[in-house]
Amino acid sequence: MRKKIAIIGLGYVGVPLAVEFGKKYQTIGYDTNIDRINELSNGIDSTGEVTKRNIQSAIKLSLTSNLQDIAKCNYFIISVPTPIDKNNRPDLRMLLNATSSVASVLKKNDIVIYESTVYPGCTEEDCVPVLEKKSGLKYNKDFFCGYSPERINPGDKKRTLTKIVKITSGSNSSTAIKVDNLYKSIVSAGTYKTDSIKIAEAAKVIENCQRDINIAFVNELSIIFNEMNIDTKDVLDAASSKWNFLPFSPGLVGGHCIGVDPYYLIHKAKEIGYSPSIMKAGRKLNDSLSKYISNNIIDYYLDNKVGMSKVNILILGITFKENCPDTRNSKVVDVYKELKKKNMNIQIYDPF
């Protein structure tokens, strides 16, 4: 059967997928945001992940906000955001809404692949029941699923979609092979086929948990060394002379991955009766760093008896990381808010 692919969700993850698949297969990019469809149709990607030339090179790609346009596809790749709510619990509304939309056009032998970051078990325990109920079809008999977690690194022009090894999985052995072959056809770096969807889900979520914990460690070091009047960078440079010292740097941890994904695994761990101490401690420390930085700035001026209304501050960069227009969960905003409480004069500059 000829592959016809639908990409559901055209953000940081979906657009690079749509473009790459659109160079080889009949591909339809679907998003409910009509403005997003219009800008992409004009060759403009406001996320900065793909260029106009790259979009135009996807000659088999079409874009739509009409759900019925994807009804004849046989591969559905869901790449919508999976944020957390105000209580740091997984917010699956966008994922389940996208799943429901796909279910309304699902046919026999179709394959639904998830790219959104979730906790282990989410695809089969939360999404599959929605697919079954709305479509009236039976999982692993009438339709099949796969999970291939996104590894997009926003702002990185070297490690792009095709240059990063892609983890793949399927709901049975034959589907796993189909999913793996599909991604292998566009990812030059190759693929890594796992034995189950749950393994692929777990592998993705721990990638960012590991980074979060390591950054929390060096953030804690930076606090200790700051109190001791020792330059943290000098310490890390010296320690890095040992071959197996891990090169992590202190800093604000925001965005929609490292600062969010650990809460998905924490949530699942609590569901099965285990309260993870290390991940929770890492999250608590990283979330507190913006206040620590702000207090240091405030204390500096108080110690020097400078009135807060006379302090002029320029913040260079408002996004959650460099070379990226994404402000979601940016901890720079938290620093700004803490300083603004003291009536400091603050300006922000960001080229994006």
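**Close-up views of a predicted model**

**View 1. Residue N140, partly exposed.** At a relative accessibility of 31%, N140 counts as partly exposed, because that class lies between the limit of under 20% for buried and that of over 50% for exposed. In this predicted model, N140 belongs to the loop that links α5 (122–135) and β6 (144–147). The backbone of N140 has a positive phi of about 65°, although N140 is not a glycine.

**View 2. Residue N229, in the loop between α7 and α8.** Phi of N229 is likewise positive, near 60°, in a residue other than glycine. The relative accessible area of N229 is 73%, so N229 is classed as exposed, the limit for that class being over 50%.

**View 3. The contact of helix α7 with helix α8.** Helix α7 comprises residues 197–227 and helix α8 residues 232–239. Their axes come within 9 Å and cross at roughly 125°. On the side of α7, the contact is formed by V218, L221, S222 and F225; on the side of α8, the partners are T232, V235 and L236. By class, the residues of this contact divide into five nonpolar, two polar and no charged.

**View 4. Residue T82, buried in a loop between a strand and a helix.** T82 is placed between β4 (75–78) and α4 (93–103). With 9% relative accessibility, T82 counts as buried, because the limit for that class is under 20%. A polar atom of the T82 side chain lies 2.6 Å from the backbone oxygen of T117. Apart from neighbours within four places in sequence, the residues in contact with T82 are D91, L95, S116, T117, V118, V260 and Y264.

**View 5. Residue P16, buried in helix α1.** Helix α1 spans residues 14–22 and includes P16. The relative accessible area of P16 is 7%, so P16 is classed as buried. When neighbours within four places in sequence are left aside, P16 is in contact with G11, E49, V50, I152 and L161. A further residue, Y336, is 320 residues from P16 along the chain; the C-alpha atoms of P16 and Y336 are separated by 33 Å.

Key. Residues are numbered from 1 along each chain as its sequence is written. This is a predicted model: local features need pLDDT of at least 70, side-chain atom pairs count only at pLDDT 80 or more; totals for chains, interfaces and linings use all residues. Side-chain values use heavy atoms; hydrogens and water are left out. Helices (H or I, at least four residues) and strands (E, at least two) are DSSP runs, numbered from the N terminus. Buried means under 20% relative accessible area, exposed over 50%, partly exposed in between (1.4 Å probe, protein chains only). A polar contact is a pair of N or O atoms within 3.5 Å; within protein, one must be able to donate a hydrogen and the other to accept it, and residues adjacent in sequence count only if both atoms are side-chain atoms. Contact means heavy atoms within 4.5 Å. Axes are lines fitted to C-alpha atoms, for helices over the stretch in contact, and angles run from 0 to 180 degrees between N-to-C directions. Ala, Val, Leu, Ile, Met, Phe, Trp, Tyr, Cys and Pro count as nonpolar, Asp, Glu, Lys and Arg as charged, and the others, Gly among them, as polar.
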